[in-house]
Amino acid sequence: MAKGSVVGNLVKDLGLEVRDLRVRKLRVSADREYFSVSSESGELLVSSRIDREEICGRKSVCSLDFETVAENPLSIFHVTVVVLDINDNVPLFERSRVDLKISESIQVGSSFPLDPAVDSDVGINSLQRYYLEQNSYFDLTVKQSPDGNKYPELILKKSLDREQQSSHQLVLVALDGGQPAQNGTVQIRINVVDANDNAPVFSQQVYRVSVRESLPPGSSVLRVMATDQDEGVNAEITFSFQNAAKDVKLLFDLDQKTGEITTKNNLDFEYTNSYTLSIEAKDFGDLASHCKIHIEILDENDCAPEMIVTSVFSPVPENSEPGTVIALLKIRDQDSGENGEVMCYLQGNVPFKLESSSKNYYKLLTDGILDREQTSEYNVTVTAIDKGNPPLSTSKTFTLHIADVNDNAPVFLKSSYVAYVPENSPSGASISCVSAIDPDLEQNSRLSYSIINSDLALLLLSSYVSVSVHSGEIFAQRSFDYEQVRTFELTLQACDAGSPALCANVTLRVFIVDRNDNAPIILYPTLGDDGSALFDVVPSSAEPGYLVTKVVAVDVDSGHNAWLAYHMLQATDPGLFSLGLRTGEVRTARAMTDQDSARHRLLVSVQDGGQPPLSATVTLHLVFADSLQDVLPEMREEHSDILDPQSELQFYLVLALALISFLFLLSVVLAIALRLQKSSNSKLLGCFRADICSHPAPEIVPNYSQGTLPYSYNLSVASKSGKMEYNFLRLTGDMAAPQDLLFNDGSCGLENSTGESKVISDFVISSHQAPPNTDWRFSQAQRPGTSGSQNGDEGGTWPNNQFDTEMLQAMILASANEAADGSSTLGGGAGTMGLSARYGPQFTLQHVPDYRQNVYIPGSTATLANAAGKRDGKAPAGGNGNKKKSGKKEKK
């Protein structure tokens with residue numbers, strides 16, 4: 001049949017639909033594809049030339065067995081196509097001319113075998129008969145061998161006479177049964193020879209022998225025996241193959257002298273399992289005889305099973321159900337009997353199994369749950385073993401890839417997340433990051449993150465946080481305030497890109513970490529416009545530990561940031577009151593004495609424990625009185641003082657600056673005058689005579705630079721004609737003798753109109769120094785320091801550093817305040833200018849309070865107070881003191 005010819009409608013025979021051909025992928029599975037399936041009509045077509053003689057040889061029935069495979073679902077159909085023979089081969093003789101020598105003495109009826117003709121066709125188209133041309137001496141007879149071959153033989157029907165006719169010419173014709181019949185011819189020439197009375201005779205007309213196919217080349221198979229009754233040369237016999245095919249001559253060898261048949265090559269049962277040989281024995285006189293030899297080949301297990309993978313469906317989806325066909329195997333063994341029986345099995349522990357199909361076909365099926373995340377591929381080894389002895393086996397390994405299916409939901413690395421975010425962090429800052437993994441592949445593992453729920457309102461959520469879709473990082477959308485939101489919870493979701501998508505949720509708890517961004521707020525006492533509290537009345541008879549008042553403050557921060565500590569920054573008398581560090585309670589530290597002022601001011605600082613700490617201050621006004629009526633004048637005066645505190649402050653500052661400048665200029669003038677007085681006895685300075693002023697043993701006060709004060713001060717006197725008026729210090733008898741002032745004899749001095757001796761100086765110092773007032777000495781805990789700190793060493797002396805200058809300026813400023821006060825004098829009163837009794841050579845700054853705390857600093861909550869009033873317990877001039885006790889204190 002021509003290529004492309006239709007053999008049959010395969011789709012119809014299999015019960016399939018033409019419209020399903022592309023999906024089912026119907027195809028032919030065979031070693032050699034003689035046929036194909038049309039993808040459009042489903043018909044079985046001839047795809048290459050089919051030669052029955054080449055495929056099946058001499059077999060009476062020639063059939064081609066193959067399989068057709070359909071996918072989705074997998075189905076296997078077995079197809080057998082029988083190839084019908086046509087008369088396309090002519091009977092042929094091996095030789096076109098045959099020469100025979102026949103003795104003239106041969107008996108009538110003797111037969112002479114001839115080489116048969118060969119026709120590759122079978123059945124009626126094969127060789128059917130022989131026809132011999134008409135002649136007078138020979139006739140034709142046809143014999144059939146056990147294998148079905150027909151052999152022609154000449155039969156002598158009339159005696160030969162060499163003298164009458166020495167040769168004969170015959171034509172042998174071989175005819176097949178085809179329509180039309182075809183034939184083949186051979187020319188036979190018979191030469192009549194002189195008489196040879198006896199022909200060789202075989203011991204057997206038919207020999208039968210069995211040999212194993214494993215017989216090595218050169219092995220003996222059989223030895224034929226023939227005898228000749230003649231003598232001499234006519235008794236010599238030679239053996240030869242008669243009508244032997246080419247394959248026989250390649251496999252066997254015949255010894256012409258001995259008649260022994262040996263193997264020339266390896267025998268193969270799978271190729272031919274038996275051979276029939278024709279042997280001719282001929283003597284020297286050309287008399288011959290013939291015999292048949294049947295050689296049977298015994299099979300041995302010399303062929304290992306063959307394994308052919310006809311179909312492999314890889315990759316295999318990991319969600320395939322058990323029993324899914326994933327491969328089709330064809331197993332065959334060319335041996336016969338038990339040697340050709342094959343068993344198959346799988347090696348190793350794999351989730352697959354083999355199932356036998358028809359005609360040595362095996363299906364590889366799934367036999368369990370596949371999980372690509374655990375095993376992404378399998379190396380499947382199939383072993384086929386026969387039942388021979390010893391058995392032979394064949395193994396074949398092929399790789400099956402497992403295709404990913406979105407069967408795994410994302411898994412977060414933590415069961416829950418906690419984030420701590422400092423408050424006031426900038427907008428856009430990263431506050432946390434969630435991360436999930438998905439063991440699937442490609443888009444099945446591509447994750448996206450989102451916020452699906454929160455305990456915040458939905459409108460607030462978008463303004464608080466956002467999440468990166470791809471990285472899972474959470475960003476702050478605003479600056480958090482701990483006082484507004486302290487904690488909130490988010491529910492985040494991670495979804496893969498599979499179909500359908502799988503998701504997982506996790507909670508994130510966000511805690512806002514407090515920062516010290518709120519200063520303490522003082523709730524009690526309530527403050528006025530100037531930041532000070534109203535008066536608190538303390539009984540004059542209050543015992544130590546009496547609760548005067550309590551400062552109540554809160555801090556909206558938390559933790560250490562809200563841990564408040566109360567400190568007393570300034571106090572009129574620090575030793576009189578105590579302040580609870582944590583409670584804020586103001587209590588009396590001791591009982592009040594007559595020397596104590598009735599009016600006190602406390603500057604209290606409330607500080608939190610944050611880093612850096614924040615604080616708030618409050619000024620407490622305390623008045624010691626037995627009843628409310630006693631304190632009302634104090635309240636009125638305080639009210640009048642508060643009316644214009646700024647103007648009063650400016651007045652004191654200007655007055656202090658003018659006084660300091662004047663004292664500086666006066667000191668310079670006096671220093672120049674003294675130097676001129678030493679160098680010249682001018683009449684203008686006649687008051688300062690040399691005999692008086694140049695006293696041989698003046699008792700000058702030691703230089704103050706040797707003490708704790710940072711500067712030295714020289715003594716100077718002013719002229720009598722000075723116009724400015726000063727209040728001079730009176731030297732009473734209790735203080736010092738007049739001669740001890742500057743000179744031993746006291747002859748040099750100035751007298752005013754009243755006759756009182758006066759000395760004008762920055763400081764007037766007496767050689768008979770009064771003992772220091774114990775009121776100026778403070779314990780280490782009570783001693784005020786710079787900005788409320790406890791400065792100085794344990795000995796009570798202040799360090800000689802930059803703050804000493806500031807303290808001195810504070811004393812001078814306080815002196816200026818007293819000078820401006822109408823009630824203050826430069827005499828032996830309580831003012832700061834009367835320093836002779838307190839500032840001797842042994843005086844140190846440990847006795848001086850830190851006056852800088854009393855100087856008003858613009859922008860602070862401190863108010864200006866009289867330094868002298870703080871030190872000696874006196875109220876400042878101008879009506880601000882305690883009038884009830886003013887006489888007693890001024891007397892002191």
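Which pattern do the disulfides of the protein follow, with bonded cysteines counted along the chain? I looked this up and found the pattern 1-2, 3-4.

**Ground rules**

I note that this is a predicted model, in which local features need pLDDT of at least 70 and side-chain atom pairs count only at pLDDT 80 or more, while totals for chains, interfaces and linings use all residues. Residues are numbered from 1 along each chain as its sequence is written, and side-chain values use heavy atoms, with hydrogens and water left out.

**Entry 1: disulfides**

A disulfide is a covalent bond between the sulfur atoms of two cysteines. I took a disulfide to be a pair of cysteine sulfur atoms within 2.5 Å. By this rule I get 2 disulfides.

The sulfur atoms of Cys56 and Cys62 are 1.8 Å apart, and the two residues form a disulfide. The torsion about their S-S bond is about 65°, so this disulfide is right-handed. I then checked burial, where buried means under 20% relative accessible area, exposed over 50%, and partly exposed in between (1.4 Å probe, protein chains only). Cys56 has a relative accessible area of 11% and is buried. Cys62 is buried as well, at 1%.

Cys495 and Cys503 form a disulfide with sulfur atoms 2.0 Å apart. The angle about the S-S bond of Cys495 and Cys503 is 110°, and the link is right-handed. Is Cys503 buried or partly exposed? Cys503 is partly exposed, because its relative accessible area is 36%. Cys495, at 14%, is buried.

I also looked up two further cysteines. Cys344 is buried at 17%, and Cys433 is partly exposed at 41%.

**Entry 2: strand S41**

Helices (H or I, at least four residues) and strands (E, at least two) are DSSP runs, numbered from the N terminus. In a regular strand the side chains alternate between the two faces of the sheet. Strand S41 covers residues 503–513. Its covered face holds Ala504, Val506, Leu508, Val510 and Ile512. Its uncovered face holds Cys503, Asn505, Thr507, Arg509, Phe511 and Val513.

Which strands pair with S41? I counted two strands as paired if DSSP finds at least two bridges between them. Strand S34 (residues 416–422) runs parallel to S41, and 7 bridges join them. In this pairing Ala419 stands opposite Val510. Strand S40 (residues 487–496) is antiparallel to S41, with 9 bridges. A hairpin joins S40 to S41 through 6 residues. Cys495 stands opposite Cys503 in S41, and these are the two cysteines of the disulfide with sulfur atoms 2.0 Å apart.

**Entry 3: nonpolar cores**

I used this rule: a nonpolar core is a set of buried Ala, Val, Leu, Ile, Met, Phe, Trp, Tyr and Cys residues joined through side-chain atoms within 4.5 Å. The largest one has 28 residues, and those with the most contacts inside it are Phe412, Val465, Phe480 and Phe488. Several elements each supply at least two residues of this core, including S34, helix H5 (458–464), S40 and S41. Which element gives the largest share of this core? The largest share, 5 residues, comes from S41.

I listed contacts of Phe412, with contact meaning heavy atoms within 4.5 Å. Leaving out residues up to four places away in sequence, Phe412 touches residues including Tyr417, Tyr449, Leu492, Ala504 and Val506.

**Entry 4: salt bridges**

A salt bridge here is a side-chain nitrogen of Lys or Arg within 4 Å of a carboxyl oxygen of Asp or Glu. The structure holds 18 of them.

Glu489 and Arg509 form one, with the closest N and O atoms 3.7 Å apart. Glu489 lies in S40 and Arg509 in S41, 20 residues apart, and the pair links distant parts of the chain. Both ends are partly exposed, Glu489 at 31% and Arg509 at 26%.

Lys143 forms a salt bridge with Glu153, the closest N and O atoms being 3.3 Å apart. Lys143 is in strand S12 (residues 138–144) and Glu153 in strand S13 (residues 150–156), so the pair ties together parts that are 10 residues apart in sequence. Lys143 is partly exposed at 46%, whereas Glu153 is buried at 10%.

Arg52 and Glu53 form a salt bridge at 3.4 Å between the closest N and O atoms. Arg52 is buried at 4%, and Glu53 is buried at 15%.
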